[in-house]
Amino acid sequence: MSQTKFLCAKEVAQLLGVSLKWVYAHQLELPGRIKIAGLIRWDETILLNSVKEQAAQKPQICHTFASQGQGSGERKDRHKLLAL
């Protein structure tokens, strides 16, 4: 049986490239969240799989930016998540 690694909010913030404040503000939206005795942790496997799945999906293009020539519609791996 493999052991699951649980990440604290600081580790999640570093992994996603966002602030610690953002992680706490969006904690209910982030998959793999678990609360034990008041401590909030995220299951690393569930979180990474969800991020990879979302990164692989075709993005929705904002029509406002596309009409202004700012949205190319090309999918880029700017956070290097598809390579994980």
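Strand β2 (residues 33–36) and β3 pair in the antiparallel sense, with four bridges between them; pairing here takes at least two DSSP bridges between two strands. Helices are DSSP runs of H or I with at least four residues, strands are runs of E with at least two, and both are numbered from the N terminus. This is a predicted model, so to speak: local features need pLDDT of at least 70, side-chain atom pairs count only at pLDDT 80 or more, and totals for chains, interfaces and linings use all residues. Residues are numbered from 1 along each chain as its sequence is written, and side-chain values use heavy atoms, with hydrogens and water left out.

**Overall layout**

- The protein has four helices and three strands, and from the N terminus on they run β-α-α-β-β-α-α.
- Of the 84 residues in the protein, 21% are buried; buried means under 20% relative accessible area, exposed means over 50%, and partly exposed is in between (1.4 Å probe, protein chains only).
- Take the contacts between residues at least 6 apart in sequence: 42% of them join residues at least 24 apart, where a contact means heavy atoms within 4.5 Å.
- The accessible surface comes to about 6700 Å², and carbon and sulfur atoms own 53% of that; the areas come from the Shrake-Rupley method with a 1.4 Å probe, and for residues only the protein chains shown count as cover.

**The sheet**

- The three strands make an open sheet in the order β1-β3-β2, with antiparallel pairing.
- β1 and β2 sit at the edges with a single partner strand each, so one side of each has no neighbour in the sheet.
- β2 and β3 form a hairpin with two residues between them, and Ala37 in the turn has a positive phi of about 50°.
- β1 and β3 pair over two bridges, again in the antiparallel sense, and Phe6 has Asp43 in β3 as its bridge partner.

**Leu7 in β1**

- Leu7 lies in strand β1 and counts as buried because its relative accessibility is 4%.
- Leu7 and Trp42 are 35 residues apart along the chain, yet their C-alpha atoms are separated by 5.0 Å.
- Leaving out residues up to four places away in sequence, Leu7 touches Val12, Leu15, Ile40, Arg41, Trp42, Glu44 and Leu47.

**Helix α1**

- The buried residues in α1 are Ala9, Val12, Ala13 and Leu16.
- They cover an arc of only 100° around the axis, which puts them on the same side of α1; the arc is that of the directions from the helix axis to the C-beta atoms.
- Lys10 and Gln14 are exposed, on the face of α1 turned away from its buried side.
- The cover over the buried residues of α1 includes β1, α2 (20–25), β3 and α3.
- Just after α1, Gly17 takes a positive phi of about 75°.

**Helix α3**

- Helix α3 (residues 44–56) has 13 residues and reaches 18 Å from its first C-alpha to its last, close to the 18 Å expected at 1.5 Å a residue; the expected span is 1.5 Å times one less than the number of residues.
- Leu47, Leu48, Ser50, Val51 and Ala55 are the buried residues of α3.
- They cover an arc of only 160° around the axis, which puts them on the same side of α3.
- Glu53 and Ala56 are exposed on the other side of α3.
- Cover for the buried residues of α3 includes β1 (6–7), α1 (9–16) and β3 (39–43).
- At the start of α3, a side-chain oxygen of Asp43 comes within 2.9 Å of the backbone nitrogen of Thr45.

Note on methods
A polar contact is a pair of N or O atoms within 3.5 Å; within protein, one must be able to donate a hydrogen and the other to accept it, and residues adjacent in sequence count only if both atoms are side-chain atoms.
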